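Good morning, everyone, and thank you for making the time.

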Amino acid sequence: GGGYLRGELISVVGGSGVGKSVVLSCIAASNVLRGKKCLYISLELSEDRVAERFDSIMSQSPIKCLYDNREEIFVQLEKIVENKQDKNMIVIKHFPSSSADINTIRAYMAQCKFYGLIPDVVIVDYIGEMKDYPGPIYDSREKIVKELRGLAEEENVFMATAMQPNRGSKEA
């Protein structure tokens with residue numbers, strides 16, 4: 001018992017540059033190591049940059065050493081998936097900042113299912129880079145959070161995202 005369940009949404013909250021995306025990558029990587037399939041949607045970092053983070057986390061190698069130790073890292077990563085029937089445990093998708101809304105994510109998840117990826121975990125990195133609704137920013141973000149939670153429930157996946165506090169929260 002305990003832990004996070006399918007249909008739930010958690011959010012990592014913190015200021016700019018404190019490691020929210022790294023935490024989301026760790027959540028995804030730890031679930032992949034447990035045999036779960038992960039869809040990582042990045043609205044900020046490129047697919048290659050996110051993949052480097054996964055390689056670093058899963059091989060327990062510093063990110064700056066990935067290239068120099070690539071043969072050893074490939075062997076380590078192969079061991080992770082060697083007994084898996086489906087070797088595609090992680091799909092990383094980048095959407096440009098402010099271009100994706102909940103329906104974009106829903107449509108991409110449907111496309112993944114069509115090609116055989118039914119994720120257990122979906123990471124959306126991060127809400128602040130999603131396409132906002134017209135009106136006050138706090139209303140838009142609240143609606144996005146509710147819709148992501150609804151999507152997690154609809155798709156029966158565990159979902160995680162990140163948010164930055166507003167200026168007033170930072171000052172407090």
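Predicted model: local features only at pLDDT ≥ 70, side-chain atom pairs only at ≥ 80, totals over all residues.

In general, the strands of a sheet pair through backbone hydrogen bonds, in either a parallel or an antiparallel way.

In what order do the strands of the open sheet stand? The order is S1-S5-S4-S2-S3, five strands with parallel pairing. Strand S1, residues 9-13, and strand S3, residues 90-94, stand at the edges with a single partner strand each, so one side of each has no neighbour in the sheet. From one strand to the next, the twist averages 15°.

Let us now look at S4, residues 121-125, which is mostly covered, with five of its five residues buried. Val121, Ile123 and Asp125 point one way from the strand, while Val122 and Val124 point the other way, and all are buried. On the side of strand S2, residues 38-42, five bridges join S2 to S4 in a parallel arrangement, and Cys38 stands opposite Val121. Towards strand S5, residues 158-163, there are four bridges from S4, again with the strands running parallel, and here Val124 stands opposite Thr161.

Helix H2, residues 47-59, lies across S2 and S3, and its direction is at about 150° to S3. H5 also packs on the sheet, where it touches S1, S4 and S5, and its direction makes about 165° with that of S5.

H5, which spans residues 137-155, also packs with helix H4, residues 102-114, at an angle of about 20° and with the axes 10 Å apart. Why are these two helices called roughly parallel? Angles under 35 degrees count as roughly parallel, and H4 and H5, at about 20°, are therefore roughly parallel to each other. Their crossing is right-handed. The contact is made by Ile102, Ile105, Arg106, Met109 and Lys113 from H4, together with Glu147, Leu148, Leu151, Glu154 and Glu155 from H5. Sorted by class, this contact has five nonpolar and five charged residues, and no polar ones.

Let us stay in H5 for one more residue, Ala152, which has its place in that helix. Is Ala152 buried or exposed? With a relative accessible area of 0%, Ala152 is buried.

Finally, I would like to point out some backbone details in the loops. The peptide bond from Asp125 to Tyr126 is cis, with omega near 5°, and Tyr126 lies in the loop between S4 and H5. Ser98, in the loop between S3 and H4, has a phi near 65°, which is a positive value in a residue other than glycine, and Ser98 is partly exposed, with a relative accessible area of 45%. Asn156, in the loop between H5 and S5, likewise is not a glycine but has a positive phi of about 55°, and at 42% relative accessibility Asn156 counts as partly exposed.

Note on methods: Residues numbered from 1 in each chain as written. Heavy atoms only, no water. Axes fitted to C-alpha atoms, helices over the stretch in contact; angles between N-to-C directions. Parallel < 35°, antiparallel > 145°, perpendicular 65-115°, else oblique. Left-handed = near helix turned anticlockwise from the far one by under 90°. Contact = heavy atoms within 4.5 Å. Nonpolar A, V, L, I, M, F, W, Y, C, P; charged D, E, K, R; others polar. Buried < 20%, exposed > 50% of the residue type's maximum accessible area, 1.4 Å probe, protein only. Pairing = 2+ DSSP bridges.
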